[in-house]
Every structure is written in C-alpha cells, then in structure tokens.
Amino acid sequence: MSAGEAGAGRDPGLQPERTRLAWRRTTLSAAVAAVLAVRTALHGGASATGIVLCALCCGLCLAFLRVAHLRIHALAAGTPPPAFAPRHATAAVLCAVAMAVCAAVLVVV
C-alpha cells in the first residue's frame, strides 16, 4: 500500500477544528497588534513616519487576514482539508514578520 492510499483512510478527528480555532486566535492577535500600532502612531502627536508605518501595519494585517480566511474556510468545509499551499504559508510568515518589524520601528521612533 502506498503512502497516498494509507493517508486517504485517515480520520483527522478534531485536528481541523483545532487548527481552524488556532487560525482564529492568530487573526485576533494580528488585529490587536494593528490597533496597538495605530495607538502608538497617534500617541503624542502624529508624525508622517508613524502614519506611514501604521498604514503599512494595517495593510499587512489585512493581507494576513485574507490568507487566514482562505485557510479557515478550507478547514471548515467538512471534507479533509487540502494541504496548505506553500505560497500561502510564505505569505502568512512574511506578513507576520513584516508586522513585527513595523511594530519594532514604531516603538523605537
């Protein structure tokens, strides 16, 4: 029996549900980070750099939410979810890292 045939009969149990909930928690954390970025950028007067970084952070948050929404929708479909596409995984990681960099710059500036 090949690996594909062995995986076809696998019962995922509650793993897709746990993964979907983890994506929800992560999107909530990203939204909180974006709100804190707005608060930090506007605290003590708005500078041009702060506003640009804030807008960039919010845009990255929206991009991450889009990737997460696609995965949450795939996990909620009821059928065994397809593998997470490498380009989607790369996009999620890049958005998270870029948001962290923006947050660090906002704190320093």
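Tutor: In this predicted model, helix α2 passes helix α4 in a left-handed crossing. The residues of the contact of α2 with α4 divide into eight nonpolar, one polar and no charged. On the α2 side they are W23, A30, A33, A37, T40 and A41, and these meet A92, M99 and L106 in α4.

The geometry may be set out next. Two packed helices are described by the angle between their axes and the distance between the axes. Here the axes of α2 (residues 15-42) and α4 (residues 86-108) come within 10 Å and cross at roughly 25°. Because angles under 35 degrees count as roughly parallel, α2 is roughly parallel to α4.

The nonpolar core comes next. The largest nonpolar core has 20 residues, of which W23, F64 and M99 touch the most other members. Helices α2, α3 (48-75) and α4 each supply at least two residues of this core, and the largest share, 10 residues, comes from α3. In soluble globular proteins, nonpolar side chains tend to be buried together.

Leaving aside its neighbours within four places in sequence, M99 is in contact with A30, A33, C57, L60 and C61. T27 has its place in helix α2. Its relative accessibility is 13%, so T27 counts as buried, the cut-off being under 20%. Apart from neighbours within four places in sequence, T27 is in contact with F64, L65 and A68.

Methods:
Residues are numbered from 1 along each chain as its sequence is written. This is a predicted model: local features need pLDDT of at least 70, side-chain atom pairs count only at pLDDT 80 or more; totals for chains, interfaces and linings use all residues. Side-chain values use heavy atoms; hydrogens and water are left out. Axes are lines fitted to C-alpha atoms, for helices over the stretch in contact, and angles run from 0 to 180 degrees between N-to-C directions. Helices (H or I, at least four residues) and strands (E, at least two) are DSSP runs, numbered from the N terminus. Angles under 35 degrees count as roughly parallel, over 145 as roughly antiparallel, 65 to 115 as roughly perpendicular and the rest as oblique. A crossing is left-handed if the near helix is turned anticlockwise from the far one by less than a right angle, and right-handed if clockwise. Contact means heavy atoms within 4.5 Å. Ala, Val, Leu, Ile, Met, Phe, Trp, Tyr, Cys and Pro count as nonpolar, Asp, Glu, Lys and Arg as charged, and the others, Gly among them, as polar. A nonpolar core is a set of buried Ala, Val, Leu, Ile, Met, Phe, Trp, Tyr and Cys residues joined through side-chain atoms within 4.5 Å. Buried means under 20% relative accessible area, exposed over 50%, partly exposed in between (1.4 Å probe, protein chains only).
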